[in-house]
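Student: I am new to this structure and would like to go through some of its local features. Could we look at it together?
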Amino acid sequence: MKYYSEAHEWIKVEDDEAIIGISEYAAEELGDITYVELPIEEDDVVVGDTLGVIESVKAASDVYSPIGGTITEVNADLEENPGLVNESAEGNGWICKLNNIDVSELDGLMTPDAYVKYLKSLA
Amino acid sequence: MPYIANTQEDQQAMFEAIACTDFADMWRKSQVVVPEPPLTSIPEGMSEFEVISKLRKLAAKNATELHTFIGAGYYDHIIPAAVSEITGRSEFYTAYTPYQPEASQGTLQAIYEYQSMICRLTGMPVSNASLYDGGTALFEAMMLAVRATRRRQVIVSEAVSPIFRKMLHTYSSNLNIELIQIPAGIDDSSKEELLNAVSDKTACVIVQYPNFFGTIEAWEDFNEQVHAKKALAICSTYPTSLALLTPPGELGFDIVTAEGQSLGNSLNFGGPYLGIMAVTTKLMRKMPGRVCGRTVDSDGKDGFVLTLQTREQHIRREGAMSNICSNESLCALNALVYMACMGKQGFIQVAELCASKAAYARELLLAIDGVEAVGGEAFFNEFVVQLPCDAAEVVGKLIDKGFAAGFPLGRYYPDRKNQLLVAVTEKRTKEEIKALATALEAVL
């Protein structure tokens with residue numbers, strides 16, 4: 001199941017692992033992404049912690065964790081090719097994976113439908 | 001230079017705004033416990049004529065005619081007249097932070113060229129636009145290592161400038177950083193002890209090259225071992241020496257800092273000086289300070305802009321890499337113009353003169369009865385000699401004879417009371433060196 005945060009991160013939970021990235025909307029808003037500062041594997045994070053920073057030609061934005069847990073893997077492809085986030089923000093442009101998660105923390109997040117409505121409310 | 005006036009009308013308006021009648025009333029209402037400062041002890045104003053003659057008298061107390069053999073991190077080099085002629089141009093001299101690319105191509109190009117020269121000099125791939133001085137640059141290097149490794153222990157050799165170590169201590173004393181200082185010998189920064197101190201908590205090891213006592217040490221294997229423990233290797237260096245020495249970038253250092261005064265900046269009682277910082281590509285996004293980059297404009301012409309600004313305070317606010325965002329542009333410009341004036345060959349010649357004159361001076365001083373060698377011959381332009389008595393007293397006696405004979409080590413190293421650190425630059429003549437030896441012999 002996929003969820004979105006108000007800060008435009010997406011999170012997909014499969015079994016007990018979560019995968020996190022920024023939404024296509026966010027990637028579009030940021031413009032050409034030039035650098036992604038990735039989180040560090042084995043770090044523990046709680047909801048709202050900074051996972052990393054996305055730099056684009058327009059801005060530098062923190063990426064906040066929509067869930068708590070332990071970082072198990074980061075998308076090392078982004079080091080060489082940060083533009084992957086523009087090409088495929090919700091696919092190959094994922095940022096990191098976490099385990100040790102508590103799915104009840106997803107309750108405060110939006111479903112894809114709710115996120116589309118949320119985006120409309122921003123327009 | 002205009003100044004901000006504080007007229008009685010201004011004062012009255014300010015007092016009214018805070019509902020006070022006068023200074024005493026404000027003091028009372030602010031309820032501070034210290035008594036009102038006795039403003040009467042501040043002297044009355046003076047006329048321009050009186051001020052000038054008072055300042056002239058003070059300036060006359062400066063010992064400007066001494067033959068100086070003091071180094072200890074700051075060196076008396078020749079500065080070609082062309083340097084101040086160029087850097088004194090009003091376009092460079094009076095403009096404050098002119099960073100808009102559409103208006104400031106000259107300044108930005110100068111910064112870019114400064115960075116390029118620093119990269120060539122240090123053998124590092126990335127330099128920033130400069131920091132305040134050698135000590136703050138070293139502090140910023142330490143903080144960079146703390147950010148990059150997310151560790152909070154720092155190991156510093158005592159063969160690093162005691163002035164810089166004091167600054168590291170002052171800056172970090174409230175930052176939850178564990179600063180471990182390792183005693184060092186003249187010839188040896190105690191590499192084994194430094195490495196033994198490195199743990200999985202260690203962010204970096206800080207050394208000096210050449211070390212504070214002037215000795216040139218080999219660092220390649222050492223840095224490999226530091227890296228094996230996932231810590232960073234930092235060195236503070238002396239730019240002029242790099243004309244002859246293997247650049248620190250080729251020795252495996254991750255961060256190189258330096259006091260840049262020796263590059264075309266006068267000795268000014270402590271400043272303004274020039275903080276040099278260069279880092280590996282891997283660390284560039286965590287580096288503090290401004291960076292100028294070269295690019296092309298819409299017509300394909302070369303142009304210069306500030307780059308990697310997302311590390312900086314005006315973009316990232318509390319997430320910035322440093323809260324010291326100023327650079328020392330004018331001092332960096334001095335360094336740039338100095339290096340350009342000297343050229344590669346001239347710069348190497350300066351360094352060769354420094355080294356050979358220092359070797360000559362050491363030979364003469366060691367020929368004096370009671371003066372002994374401390375440390376070997378692997379020095380650049382600075383070396384330590386052992387005197388038969390308190391080195392600070394000897395320096396005092398030699399001041400009366402017109403010599404600033406060196407830096408008495410006892411001031412920072414209590415067990416080195418009789419040791420004198422002597423520096424020789426290209427500016428000292430053979431006659432001056434001989435005269436120093438004669439004068440030293442006479443006072444011992």
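Student: Where in chain A is H8(A) placed?
Tutor: In this predicted model, H8(A) sits in the loop that runs between strand 1 (2-4) and strand 2 (9-14) of chain A. Its phi is positive, about 75°, although H8(A) is not a glycine.

Student: Is H8(A) buried or exposed, and why?
Tutor: H8(A) counts as buried because it has 23 C-beta neighbours inside 10 Å, and 20 or more are needed for that class.

Student: What about E42(A), what is its phi?
Tutor: Phi of E42(A) is near 80°, a positive value in a residue other than glycine. E42(A) belongs to the loop between strand 4 (33-37) and strand 5 (44-45) of chain A.

Student: And is E42(A) buried or exposed?
Tutor: E42(A) counts as exposed, because 8 C-beta neighbours lie inside 10 Å and the limit for exposed is 12 or fewer.

Student: Changing topic: which domains does chain B have?
Tutor: The domain assignment gives domain 1 (67-76 + 343-443) and domain 2 (81-337) of chain B.

Student: How many residues of each are in contact?
Tutor: Contacts link 22 residues of domain 1 of chain B with 19 residues of domain 2 of chain B.

Student: Which element gives the largest share of that side of domain 1 of chain B?
Tutor: Helix 12 of chain B does, with seven residues. By class, the side of domain 1 of chain B that touches domain 2 of chain B has 16 nonpolar, three polar and three charged residues.

Student: Last one: which residues does the cis peptide bond join?
Tutor: The cis peptide bond joins Y209(B) and P210(B), with omega about -10°. P210(B) lies in the loop between strand 5 (202-209) and helix 10 (220-228) of chain B.

Methods
Residues numbered from 1 in each chain as written. Chains lettered and ligands numbered in written order. Predicted model: local features only at pLDDT ≥ 70, side-chain atom pairs only at ≥ 80, totals over all residues. Domains from an automatic or database assignment. Contact = placed C-beta atoms within 7 Å. Helix = DSSP H or I, 4+ residues; strand = E, 2+ residues; numbered from the N terminus. Nonpolar A, V, L, I, M, F, W, Y, C, P; charged D, E, K, R; others polar.
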